[in-house]
Amino acid sequence: MFIDSHCHLDFPEFAADRSLLLKQAQAVGVKAIIIPAVEQSRWGATQECAIQQQSVFFGLGVHPWFVHPHQDPEELHQALMNWSAENRWVAIGEIGLDAYKPNYPQQQAAFLAQLRAAGTLDKPVMIHCVKAQQDVLEALKTVQEEFPNLRGVIHGYGGSLEIAEQFIALGFTVGVGGLITRSKKLQRAVSNLPLSALLLETDAPAMPLKGEDGAIEADNTPLNIPRIFDHLVALRSEAPEVLAKTIFDNTRSLFDLPAL
């Protein structure tokens, strides 16, 4: 059994055939999906998408791309604190830092505010980190001084073994997605990291896989989780059934998911 720990199932790309896709995912062993929100204005829609299906859960947060120039970090913090949701709300996310975007100072303020909300609410975080590993590490260390319970996943990890080990030392896990099919650096990292620190994800519809012909595929859906898992199996020494069960349990534990 698998869990897609990061899939944007609420995006328009999936609107036409979402129910069919979920049935197909169940058929290939994907027993649960976690949807991270990206924009505050869509929190309600993200929640609504999740609660329509028993096997779908969600996170709430503001993705660094969508932190607007006049974002008030205190208002964002308070919005998370005030949000009323039933128990399908399992994380704060997608949040983080992306150094390629010009709103970086605003991202940093919003990131810290959302990390503190996660600490107060005792929810794990789903972190987007692009060319900002050291800043993310410093932010996590800072907030953990106040909230030692802060934990989560560095989603769609594509960095080095050495950086991953620094995140893991802080109690964080790393999300393994489609990059495993094309990144030698990531392959080295996931070959050597403790199994207890690994999750599976697709980041669908983003982060497509490399096909057998070497080309990057056009589409990505939760149906790719078994393929990502097969690539991981080829890199690890553990038996496939041990890998599958441990990663499944890692994900359930981090997000406090019910029995599936």
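Residues are numbered from 1 along each chain as its sequence is written, and side-chain values use heavy atoms, with hydrogens and water left out. Because the model is predicted, local features need pLDDT of at least 70 and side-chain atom pairs count only at pLDDT 80 or more, whereas totals for chains, interfaces and linings use all residues.

**Cysteines**

- If a disulfide is taken as a pair of cysteine sulfur atoms within 2.5 Å, the count for this model comes to zero.
- For Cys7, the closest cysteine sulfur belongs to Cys49 and lies 8.9 Å away, which is too far for a bond.
- Cys7 has 0% relative accessibility and counts as buried, a word that stands for under 20% relative accessible area, while exposed stands for over 50% and partly exposed for what falls in between (1.4 Å probe, protein chains only).
- Cys129 is also buried, with a relative accessible area of 16%.

- Helices (H or I, at least four residues) and strands (E, at least two) are DSSP runs, numbered from the N terminus, and helix 1 spans residues 18-27.
- Within helix 1, the residues Arg18, Leu21, Leu22 and Ala25 are buried.
- These residues lie on the same side of helix 1, because they cover an arc of only 100° around the axis, where the arc is that of the directions from the helix axis to the C-beta atoms.
- On the other side of helix 1, Lys23 and Ala27 are exposed.
- The buried residues of helix 1 are covered by elements including strand 2 (30-36), helix 2 (43-51) and strand 3 (56-60), with contact meaning heavy atoms within 4.5 Å.
- After helix 1 comes Gly29, which has a positive phi near 100°.

**Cis peptide bonds**

- Gly93 and Glu94 are joined by a cis peptide bond with an omega of about 15°, and Glu94 lies in strand 4 (residues 89-98).
- A cis peptide bond also joins Ala204 and Pro205, with omega about 5°, and Pro205 is found in the loop between strand 8 (198-200) and helix 8 (225-235).

- Asp122 is a residue other than glycine, yet its phi is positive, near 55°; Asp122 sits in the loop between helix 4 (104-121) and strand 5 (125-130) and, at 42% relative accessibility, counts as partly exposed.
- Lys131, although not a glycine, has a positive phi of about 55°; Lys131 is in the loop between strand 5 and helix 5 (133-146) and counts as exposed at 56% relative accessibility.
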